[in-house]
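The following paragraphs lead the reader through one protein structure, beginning with a single residue and widening to the whole chain.

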Amino acid sequence: MWWMRHDRMWNTRDLKDRYDVVIIGGGVHGLATAYYLAKRGVTNVAVLDKGYLGGGASGRNTAIIRSNYRTPEGVTFYDESVKLYEQLSIELGYNVFFSQQGHLSTAHTESAISGLQVRAEVNKLMGVDSRVIGPEEIKKLVPSIDISTRPRYPILAALYHPPGGIIRHDAVVWAYAREADRLGISIFPFTEAVSIGRSNGSVSSVQTSRGEIKTGTVVNATAGFCSTVAKLAGIQLPVITHPLQAFVTEPLTPFLDCVLVSATLHVYVSQTDRGELVIGSEIDPYSSYSTRSTLPFLESTASHTLELFPCLRHVRVLRQWAGICDMTPDYSPIMGEVPGIKGFILDVGWGTYGFKAGPVAGKRIAELIATGKTPKVIEPFSITRFWEDRLVGEKAAAAVSH
Ligand SMILES: Cc1cc2nc3c(=O)[nH]c(=O)nc-3n(C[C@H](O)[C@H](O)[C@H](O)COP(=O)(O)OP(=O)(O)OC[C@H]3O[C@@H](n4cnc5c(N)ncnc54)[C@H](O)[C@@H]3O)c2cc1C
């Protein structure tokens, strides 16, 4: 039976002195890239992580999956990921608990409604199910929400995106790791990349905490740490790392069957299948690599939650945590080979929204490596956009919503 196929989720292997591809980062992006490479027959691949698999943002996020972005480039890209996620439990033989319960982004001002209308139209044009709905319909979807005129910012409308939802982030990471390992990929937790060698305009090696590896292809999939790893290859990225926090409450009887986001109130809420509420907000306003959580975040985010759901005032908080996010100026990722450094491939700039992109990014970066051609869907996200003046502005759809 498939669920009894392995004693271990992945194996411990000896580190060889040469691999065709070295992937730095054992989060959803690095592991998905490894899996899709293996599916294409490229298996002489090492995935390195300086900690445990999924110990970065992939194990700390609030697992919102959606494709209702603002730009045609973004919508097309994330929609491919949602479709891959829909098949993932079957493809990887592991239940990733993808719950497409719907995603609601509320508007509390006239200008916010216009913003959501633009998104709805772009979404529809790209074939993505999204529409603006009024307070009555919102109340039907979320009976416990306060749609009265009592709050400081009453709810006027919302963007409703039925295919959006939540997933089990750990299950996704473990499932990709297990299948990549089964197909012949070598995975090395607790193995840090400490320098990257270059010769004749190409990458040539990765020095690790366990020895040197010769290779012609290196993938930087290290999210919050991506600028430190890019620096090892001698390049500076247009990325600033910020902490992002979240918290969960004690379990409650199920009452919220969709993901609810309010950009105005800087808060989003979902309920897990265990009954806990998962609550988050925007990035912390300072740059840091710290994963300590703070009381001011908890106080402000909890009070904004109560503006949407006054009924939660007696609910207790179970735990709070932080991860780090690699923010780009336009809130879009940076993907593809770095011009002038053959074989150095970026899959970074995932900010607060990269978990949902794991499948499509992994699949398309693997295609780039295997074929040497940049797939069309990731072309807009090349690093060259920053000096060619063609940013892919997603802040309106990605800041609080993730
Ligand atoms: C609180 C929070 C909520 C979020 N909510 C959402 C959400 O709802 N939806 C969504 O889509 N996204 C969300 N995100 C963002 C998302 O989690 C990330 O964009 C995504 O997980 C990035 O995945 P990754 O595989 O690129 O990086 P990571 O999972 O961060 O993995 C990178 C790995 O690289 C390793 N590494 C770093 N340096 C080195 C080195 N020198 N050598 C070896 N290994 C190294 C790290 O140990 C780490 O494990 C959220 C993030 C946070 C923190």
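Leaving out residues up to four places away in sequence, serine 130 touches Asn68, Ala120, Asn123, Lys124, Leu159, Tyr160 and His161, where a contact means heavy atoms within 4.5 Å. The model is a predicted one, in which local features need pLDDT of at least 70 and side-chain atom pairs count only at pLDDT 80 or more, while totals for chains, interfaces and linings use all residues. Residues are numbered from 1 along each chain as its sequence is written, and side-chain values use heavy atoms, with hydrogens and water left out.

Serine 130 belongs to the loop between helix H3 (110–125) and strand S5 (131–133). Helices (H or I, at least four residues) and strands (E, at least two) are DSSP runs, numbered from the N terminus. With a relative accessible area of 2%, serine 130 is buried; buried means under 20% relative accessible area, exposed over 50%, and partly exposed in between, with a 1.4 Å probe and protein chains only.

Apart from neighbours within four places in sequence, its contacts are Val21, Val22, Ile23, Ile24, Ile345, Asp347, Ile365 and Ile369.

Two loop residues can be considered next. Asparagine 200, between strand S9 (193–199) and strand S10 (202–208), is exposed at 80% relative accessibility. Its phi is near 50 degrees, a positive value in a residue other than glycine. Histidine 266 lies between strand S14 (259–262) and strand S15 (267–271) and is partly exposed, at 37%. Here too phi is positive, about 55 degrees, although the residue is not a glycine.

The protein chain as a whole contains 10 helices and 19 strands. Its radius of gyration is 21 Å, close to the 21 Å that the globule rule gives for 402 residues, so the chain is as compact as a globular protein of that length. The radius is taken over C-alpha atoms, and the rule is 2.2 Å times the number of residues to the power 0.38. Buried residues account for 58% of the 402 residues.
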